[in-house]
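Here are my notes on the model, as numbered points. Please read them with the structure open.

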Amino acid sequence: MKMFTMSADVLVIGGGLSGLNAAMGAAENGASVMIVDKGKIERSGSIGGGVDHFLAYLNEGEDWDTADSFLQYVEKVGRGTAHMSIIEKTYCEELEDSIERMARIGNPLTQPDGSFYRTASMGQPGPYWINFNGKLLKPCLGNAVRKLGCKALAKTMIVDLLTHHGEVVGALGFHIRTGNFYVIHAKATIVSTGNTNRLFENPRGNPFNTWLCPYDTGDGQVMAAAAGAKLANMEYMRMTLLPKGFSAPGFNALTGMGGRFMNGLGEYYMEKNHPAGNKAPRYEIVFQSLEEKRQGRGPLYIDCRHLNEEDITHLKTTLGYDKDTLPDYLEQRHEDLATDPVEINISEGMQAGPTEVTGSGVKIDGDCASNVPGLYACGDAADHNRCVHGAITGGYRSGKSAAKFAAGRNFFADPDTVSTEERADEFIAPLKRGSGYPYRQLEDSVRRIMQENVGPMRSEHGLNTALTKLTRLEKHLDDMKVEDLHELMRSQETRSILEVGKISATAALYRKESRNKPYHYRLDYPETDDENWCGLVAVQKSGDAYECSFDPIKYVA
Amino acid sequence: MPVEFDYSICEGCGECDALCPGDVIYMRPRGEADPVNDNLSGTYDHIKKPKVPYLKYTEECWHCGSCRQDCPNEAITVVFPPDMLCM
């Protein structure tokens, strides 16, 4: 086991969509950049295989197509889960450049004929969803950042942030194949590790069968919290709707093109129960779908049989953009969108933004800065950059901010935490241990505790039970035994997942109301209480425990 | 298996191993039995590189399809397991 020391002005932890945009933002603003990823940047993260949607107003003339209209929509759907001022800075101010940047790196958001293909869904006043072919978006971004001189460490997992007098000064990582360690000194660090998956039980049985990247396990959120950063919106358990058996994205495309939700009795249940029908906000559709299943009216379907041939063709092509293997899945399952209603189910739960426009994670300001000097966050690891549009715009923003901060620092500070050699030895202990529990056993336990107590229906008793059990389970993390470095990585992910569980339950306990049901649904406080609870619950580490505080947001329904 | 390699087309470039986001594809010396999948189809004389890929952590495959997309020889197919297809 060797230890290497490296340095860069800006360290980007997580080379997904937001991380690579952050790297561009930093590099194009004068910083030297090091990107670290557990995979390879060309195909890592939630949209590694492709993506098909980007939410935007384009100022093409209609009333709804403006920043003001868009922010009104965000406010309405967000319902107190984001500051509009931060959305304005991290998204609106970066939007035009971001659309142009995607074109100049080789993956424009337009159709081959140069126009934008736009669709509406989820309660939008106009077609904000730009539909595009993003199958090569990550490879194009990978190419762009390498051309800018950014260094990328592949198959490398960051284990800890390094701090000096309360500032973040870099990170410690290990290589999944060689077992070598890297001490990376950085003047500014950006956490872009995505949301947390494998946190709740999976209806498909396999914890890796997830909607977003299963290898995104909240590592960044947990490290940021350990360094003193506040996290926000961690109480929301995000869920969505997916094809039965395969946790694949495609919901935007299906609802955008006009799919109708149908139950086992042939009733179009969204049209029956919600004024916006099939175009209602996602959490409303999830809520109603859960109700339908609870009351025994499953199976559930999305019915696209009524669409015309042109739309069906477009839909079938687009589904392969958002998930490369979804067309294969439908084919191998003998389901044809044109002639069959496609069976759907509710997804696994995850720690992620409560809407497609408001996020969850490290609490950031308009420059994507956390409250810890030298620490930034973007994408799904941050609380204000949701989805593809937030990752691209917020990512770039965080890079710019980090570069500026780094420019004001003319030295690399030495970390004042425990020696990195000691930490490395401690980290590889599960490999050297004679016997112990497989990581999977403990991780399954976390999922069970979360599903039972921090799931789509919650109560004070349940949430306290979750905290008690997670704290008890935590003591056994040091009894894990792994066979190889790959499993060592997984066992570290297990630690992050458990920690996110604790943070989530803590925030859910604090918020004594319900909001964006079923993402935070307290049976003991079933109503939404805008007077007292419109805003963000911030969680911060205090000794061994987490403390909550409230950041109010003014919102008038 | 979620991802299947056609060793009659594969040239052992290792790109799938390098880019898999989940670190579930590894390389093994060609000619040896696949330790996980017991897949001995074909001979490997055409493979210039000394190693070939195999799916080491089959249950952790996310079915993202990136290996298939980027294989320069189109040697990878995606096969969904029966429990997913029949769910």
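In which crossing, left-handed or right-handed, does α14(A) pass α16(A)? The points below start there. Note that this is a predicted model.

1. Handedness of the helix pair. The crossing of α14(A) past α16(A) is left-handed. The two helices cover residues 439–453 and residues 485–510 of chain A, respectively.

2. Geometry of the pair. The packing angle is about 20°. The axes of α14(A) and α16(A) lie 9 Å apart. Angles under 35 degrees count as roughly parallel, and therefore α14(A) and α16(A) are roughly parallel to each other.

3. Residues at the helix contact. From α14(A) come Tyr439(A), Leu442(A), Glu443(A), Val446(A), Ile449(A) and Met450(A). They meet residues of α16(A), among them Arg490(A), Thr494(A), Ile497(A), Leu498(A) and Gly501(A). Glu487(A) and Ser491(A) also belong to the α16(A) side. By class, this contact of α14(A) with α16(A) has seven nonpolar residues, three polar and three charged.

4. A four-stranded sheet. Chain A holds an open sheet with the strand order β12-β15-β14-β13. Its pairing is antiparallel. At the edges are β12 (241–243) and β13 (260–262) of chain A, and each pairs on one side only. Direction ignored, neighbouring strands of this sheet are turned by 40° against each other on average.

5. Strand β13(A) is joined to β14 (residues 300–303) of chain A by three bridges. The two strands run antiparallel. Which residue in β14(A) is the bridge partner of Met262(A)? The partner is Tyr301(A).

6. Chain A as a whole. Chain A has 17 helices and 20 strands. Its radius of gyration is 22 Å, close to the 24 Å that the globule rule gives for 557 residues, so chain A is as compact as a globular protein of that length. The C-alpha trace of chain A spans about 65 × 50 × 50 Å along its principal axes.

7. Contact between the chains. On the chain B side, 22 residues are in contact with 29 residues of chain A. Which helices of chain B each supply at least two residues to the side that touches chain A? They are α1 (15–19), α2 (66–70) and α3 (82–85) of chain B. By class, the side of chain B that touches chain A has twelve nonpolar, five polar and five charged residues.

Key
Residues numbered from 1 in each chain as written. Chains lettered and ligands numbered in written order. Predicted model: local features only at pLDDT ≥ 70, side-chain atom pairs only at ≥ 80, totals over all residues. Axes fitted to C-alpha atoms, helices over the stretch in contact; angles between N-to-C directions. Parallel < 35°, antiparallel > 145°, perpendicular 65-115°, else oblique. Left-handed = near helix turned anticlockwise from the far one by under 90°. Contact = placed C-beta atoms within 7 Å. Nonpolar A, V, L, I, M, F, W, Y, C, P; charged D, E, K, R; others polar. Pairing = 2+ DSSP bridges. Rg over C-alpha atoms; globule rule 2.2 N^0.38 Å.
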